[in-house]
Amino acid sequence: MVAHAETVHKQRHPMLAFAARWLFTTNHKEIGSLYLWLRFVLFFIAGAMAMFIRLELFEPGIQFVDPLYYNQVLTLHGLVMVFGAVMPAFVGLANWLIPMMIGAPDMALPRMNNFSFWILPFAFAMLLSSLFMESGAPNFGWTFYAPLSTTYGPPSTDFFILGVHMMGISSIMGAINIIVTIVNLRAPGMTYMKMPLFVWTWFITAFLLIMVMPVLAGVVTMMLTDRHFGTSFFQAAGGGDPVMFQHIFWFFGHPEVYIMILPGFGIASQIIPTFARKKLFGYHSMVYATASIAFLSFIVWGHHMFTTGMPLIAELFVMYATMLIAVPTGVKVFNWVATMWRGSLTFETPMLFAIGFVMMFTIGGFSGLMLALVPADFQYHDTYFVVAHFHYVLYPGAIFGTMAAVYYWLPKWCGHMYDERLGKIHFWTATIAVNLTFFPMHFTGLAGMPRRIPDYSLQFADFNMVSSIGAGLLGLTQLLFLYIVVKTIRGGVKATDQVWEGAEGLEWSLPSPAPLHTFATPPVIAQGNDQ
Amino acid sequence: MTSYAGGLKSGLMIPIFWGVPHISLAAKIDMRPGVTDMSLRIQQIHHMSLWVCVVVGVVVFGAMFYTMLAHRRSKNPTPAKFSDSALIEFIWTVIPVLILVGMAIPATTALRDIEDNENSDMTVLITASQWKWHYQYLDSGINYYSNLATPQEQIENLEPKDEHYLLDVDNPLVLPTNKKIRFLVTADDVIHSWWVPDFAVKQDAIPGFINEAWTRIPVTGIFRGQCAELCGLDHAYMPIVVEVRPEEEFDVWIEEQRLAAELAGEAAVAARAKTWAMEELVTTGEEVFLKHCATCHERDGMGQGAKYPALAGSAIAAGAIAEHLDRVMNGKADTEMQAWAPQLSDLEIASVITYERNSWGNDSGDIIQPVTVYEAR
């Protein structure tokens, strides 16, 4: 990599050359790294906000963060985690891996790839700058329900709107790039049904992104015109409809939930066969299940809105459709278990994270099924039960998925093995901390604690303290992870090309570390039946 | 149902589905059964779905743990070769569908009953605003506001927190037993959500919409809930307290309220006739300020940034009286500064304005009399 940079920019000052290299890079591996580092930075920022939240909730009463600031931190924690931590992590992985997995030399649209990354730092700088403004940051939760976010939103809401627009443009460009790459740049013989599952899940995710990101752009634009140009889309007083906001938002928001988990499914489907030393069970049904989940995700948005006064028939339709999602999701979990069944299992760190992913994501799936039942949802809705549910699918789901991926492919990226002992310590502390943090939230929610409150009545005190202690530990594990990653990049045991004894796929046929340019000539794919 | 009535007043519950011996633990980790037929039915649906999940979880996780132990490399050095089975895929697609159908049936029947708002005996219109509830008894014409009663000192940890910290209000909603009570729920500003867990009623209060819900409460007691939808700065501080009384006592209470409204009218006339001294107004004004205004403008009148402006030295509180009066009575459009004229009496408005104009360095010496407020209405 260094040699390449020198040949291109040898006449410039080293700092300039460094900046130019990363600013102008069109290489999928470098852009992938940029995405992953940005994700790291934003994950720490949003994580610090979570620490503020848990610190305030350690005890009843207002101690550290007053309600005004609490709502801002709560909002930015959600927004930055969703748009800054989870999504760029998966896009970064897609950049690194998809071309190597399908035998392509790079992404199909490299210049656009560069652009879609470099929008993001500015989008988040704009969003986060609102924290330092006189009237404070957006304070209406990451779901920004109107009219709290329109008529009653702080002036910084406009920065939020523009920031979301930029993130959306970035996501749409990234998704187009992924689709074009997969459709056009597969090596000869790499049929669709031979593609690794990670490529398949991202292929489907990219379609979800293209379909729903414009809807998000639409809803924030309607907010903007409501705020400044005299429209009344969401203002009852002007003949508008605050509930319509929720319909449009969740038409984006529910597929978004699957955008944040499908690539994680793909990662688990790559890792589990490797460490089971056995082919993925039910490849075809995995692909079909992913596609079914993606389809269903478009017709269930109403389950976020059961208490808004929906008619009975709509509640029933959404309830049944939501429950149906359990079927393809169950198929995936069963297939993972069947992949492990009678394999020859070892438990290196990526496998541990993948198994942790499957188990704890399943717990989140269970509470999701419970939430689908409308009568029970009237009790669960907007309580900590929901907070527990979505953190179970997002933390041990999306975040563990990302970590599993980093441990699994890092040796391929930088040529060194990570420290297995530290990796295992990371996994076990993270697993304990995740459950300590989020499991008690089920209890406080069932007992009646509403979400998004900086202060609570005494009956919820014990479990909140447990959650806060868990969250502190969870925060510390991130530092350990950062240390492990940096240590691995700087040195360590040389990784073999294959890296993992049971690994299969084109990326493992490349040297470790993978050179900057790979598959300049397409690899030869064994002819024969699809997977 | 009746077997529950004994333990209900304390708000605790008897765990019959959990095999947990320690009652208070079960009460802490399980959904509350509540006190109505519907809340109990919903708890049963919750338990049904929870146990389905537990059983499926035991099977799936059991299989995972078994394979992790039995098929690890040291035990099973040669992996099996199978990777597909249409039959197995079919089986584990169909079985979940059947389980889901089994879960959907009780949920559907319960939902149908929840949405049946017909044939109610009385109606209460609940209007939410930042950050209080307004209750209107449409059958008897009584209406009043319900505000948080927990003192600010407890929130700021200056005083010990009492048992019902953050779950206490000045005027609880009073309801009779054994009547089908219909709630109409709406909001004045942003979206709120009226939730009393023990009735299993949670209904969003949405400006421009009137949503319906109902309950029938078989027991007396005090039941507490909170706003469930993020509604701005003091979302955590708008609790709901419902006091359920026997039917006869409820009727007596309604009469008392009618009488009290008449008395308040007479008191207002008397207040207008009197010329109030500065000290009287400032003392009352401080009480009013702390209860209604301090949450945004702060007790020291310094406000919280641009959105919740300081009153000390402000253009309004230290400016013309007429503008100050207008702002307090009619509020400022599209902000949390709401119109206080419908919520406060002439005396309260006069007091709080006098207080604001003579505190925190504001030293206008202005005295606003209730009659001025009356004339401005």
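Reply: In this predicted model, S193(B) has D204(B) of β7(B) as its bridge partner. That pair belongs to the antiparallel pairing of strand β6 (residues 192-196) of chain B with β7(B), which extends over five bridges. The two strands form a hairpin with four residues between them. In its turn, A200(B) adopts a positive phi of about 55°.

Strand β7 (residues 201-205) of chain B is mostly covered, since five of its five residues are classed as buried. The burial applies to both faces of β7(B). On one side stand V201(B), Q203(B) and A205(B), and on the other K202(B) and D204(B), all of them buried. D204(B), the bridge partner of S193(B), is therefore a buried residue, given that 20 or more other C-beta atoms within 10 Å are what the term requires.

A second hairpin in chain B is formed by β2(B) and β3(B), with five residues between the strands. Here G141(B) takes a positive phi near 80°. Strand β2 (residues 132-137) of chain B and strand β3 (residues 143-146) of chain B run antiparallel and are joined by four bridges. Within this pair, Y135(B) is placed opposite Y144(B) of β3(B).

Chain B also holds an open sheet of three strands, in the order β4-β10-β9, with mixed pairing. The edges are taken by β4 (173-176) and β9 (221-226) of chain B; each has a single partner strand, so one side of each is left without a neighbour in the sheet. From one strand to the next, the twist averages 25°. Strand β10 (residues 239-245) of chain B pairs with β4(B) in the parallel sense, over four bridges. In β10(B), the residue opposite L173(B) is V242(B). Helix α5 (residues 247-273) of chain B lies across β4 and β10 of chain B and runs at about 135° to β4(B).

These elements belong to a chain with nine helices and ten strands. The C-alpha trace of chain B spans about 95 × 50 × 40 Å along its principal axes. Its radius of gyration is 28 Å, whereas a compact globule of 377 residues would have one near 21 Å. Of those 377 residues, 37% count as buried. Among the contacts of chain B with a separation of 6 or more, 63% are accounted for by residues 24 or more positions apart.

Chain A has 17 helices and zero strands. The C-alpha trace of chain A spans about 65 × 60 × 40 Å along its principal axes. In this chain, 62% of the 531 residues count as buried, and residues 24 or more positions apart make up 82% of the contacts with a separation of 6 or more.

The contact between the two chains takes 77 residues from chain A and 81 residues from chain B. On the side of chain A that touches chain B, the elements giving two or more residues include α4 (67-102), α8 (242-259), α13 (349-372) and α16 (420-447) of chain A. α12(A) gives the most to that side, with eight residues. By type, the residues of that side of chain A divide into 47 nonpolar, 21 polar and nine charged.

Two of the helices named above, α13(A) and α16(A), also pack on each other. Their axes come within 10 Å and cross at roughly 10°, which makes α13(A) roughly parallel to α16(A). Among the residues that make this contact are L352(A), F353(A) and M360(A) of α13(A), and F427(A), T431(A) and V434(A) of α16(A). The residues of this helix contact divide into five nonpolar, six polar and two charged.

F160(A) lies in helix α6 (residues 157-184) of chain A. F160(A) is buried because 24 other C-beta atoms lie within 10 Å. Leaving aside residues up to four places away in sequence, F160(A) touches L127(A), S130(A) and P138(A). From F160(A) to F275(A) there are 115 residues in sequence and 43 Å in space, C-alpha to C-alpha.

Methods:
Residues numbered from 1 in each chain as written. Chains lettered and ligands numbered in written order. Predicted model: local features only at pLDDT ≥ 70, side-chain atom pairs only at ≥ 80, totals over all residues. Contact = placed C-beta atoms within 7 Å. Nonpolar A, V, L, I, M, F, W, Y, C, P; charged D, E, K, R; others polar. Buried ≥ 20, exposed ≤ 12 C-beta atoms within 10 Å, placed from the backbone. Pairing = 2+ DSSP bridges. Rg over C-alpha atoms; globule rule 2.2 N^0.38 Å. Axes fitted to C-alpha atoms, helices over the stretch in contact; angles between N-to-C directions. Parallel < 35°, antiparallel > 145°, perpendicular 65-115°, else oblique.
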